[in-house]
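Visitor: I am new to reading protein models. Could you take me through this one, a feature at a time?

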Amino acid sequence: MVPLGWGAEGCQQCWRRGVPLAAEAAPAFSREVVERRLEAALDVVTAAGAVEPAALERFAAAWDAGETGPSSLVPRRGRIGSPAEPFAPDVVAFLAVASLRPDFEAYFDRVREHLAPADWRLGICPFCGAPPGWGDVLEDGRRRLACHLCGGAWVFSRVACPFCGDESTGNLRRLEAGERDEGYWVSACTACHGYLKEIDRRVRWNGRSALVEDWGSPHLDLVAVQGGLWRPMPTLLGLMPQL
Ligand SMILES: [Zn+2]
Ligand SMILES: [Zn+2]
């Protein structure tokens, strides 16, 4: 994957208009490379019983016919995958992360440094456009959202909901995870009922990467979902139909 070579000025012009870079400079994915990763990811979701054999066949036929390809897994502003995919959104998101993330990471490698907090205040990834999958409170107290699809991260208001943009005080509720999970919580918006799991890196200084933390804490998703909350970046829970 050839990295995007835009300079700071080009990136900032895009961000100031509220447009993620991928919307104006889409990466050219190699069908063969993505297909190899996709095969491994499809084995995982099939073993988990998360896809119907008929849906798998439809997807494989569409892929082989060239009707669907890597770009159908790329996020459309704030959501992942196209509605035409035969799989549930959780499955599409998992497939997208597993098959596209290495390419997206390499593609945005040189432009990450151009992002300053003032350039981007939206609740979607400034690089690829996906919804955030995790929140980190940093050493200096700022809140940083993480994108699972491209490995991007951006500073975001601590009181605003990243999903509906509501900044009214009191709309963001914090559901603490319990004593064993000190430093972890679920941020829930009472306006749109969206939620995001977060970690305070000052308390959990040995915490792992955002993706590992997210996929390693399905018990918090269960609490949130049972409380009537939802998240736009689907969770691994969705791959477990028995839940
Ligand atoms: Zn991203
Ligand atoms: Zn909201």
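Guide: Start at a turn. In the hairpin of β1 and β2, with 5 residues between the strands, G141 takes a positive phi near 90 degrees. This is a predicted model: local features need pLDDT of at least 70, side-chain atom pairs count only at pLDDT 80 or more, and totals for chains, interfaces and linings use all residues. Residues are numbered from 1 along each chain as its sequence is written, while chains are lettered from A and ligands numbered from 1 in the order in which they are written.

Visitor: How do strands β1 and β2 pair?

Guide: Two strands pair if DSSP finds at least two bridges between them. Helices (H or I, at least four residues) and strands (E, at least two) are DSSP runs, numbered from the N terminus. Here β1 (residues 134-137) and β2 (residues 143-146) run antiparallel, over 4 bridges. V137 stands opposite R143 in β2.

Visitor: What is the bridge partner of R143 in β3?

Guide: That partner is F156. Strand β3 (residues 153-156) pairs with β2 in the antiparallel sense, again over 4 bridges. Their hairpin has 6 residues between the strands, and there G151 takes a positive phi near 80 degrees.

Visitor: How many helices and strands does the protein have?

Guide: Count 7 helices and 6 strands. From the N terminus on, they run α-α-α-α-α-β-β-β-β-β-β-α-α. The radius of gyration is 18 Å, close to the 18 Å that the globule rule gives for 243 residues, so the protein is as compact as a globular protein of that length. That radius is taken over C-alpha atoms; the rule is 2.2 Å times the number of residues to the power 0.38.

Visitor: What span does helix α4 reach?

Guide: The expected span of a helix is 1.5 Å times one less than its number of residues. Helix α4 (residues 53-64) has 12 residues and reaches 16 Å from its first C-alpha to its last, close to the 16 Å expected. Just after α4, G66 takes a positive phi of about 80 degrees.

Visitor: Which domains is the protein divided into?

Guide: Domain bounds come from an automatic or database domain assignment. Here they give domain 1 (1-121) and domain 2 (131-238). Their C-alpha centres lie 22 Å apart.

Visitor: How many residues of each domain are in contact with the other?

Guide: Two residues are in contact if their C-beta atoms, placed from the backbone, lie within 7 Å. By that test, 18 residues of domain 1 touch 13 residues of domain 2.
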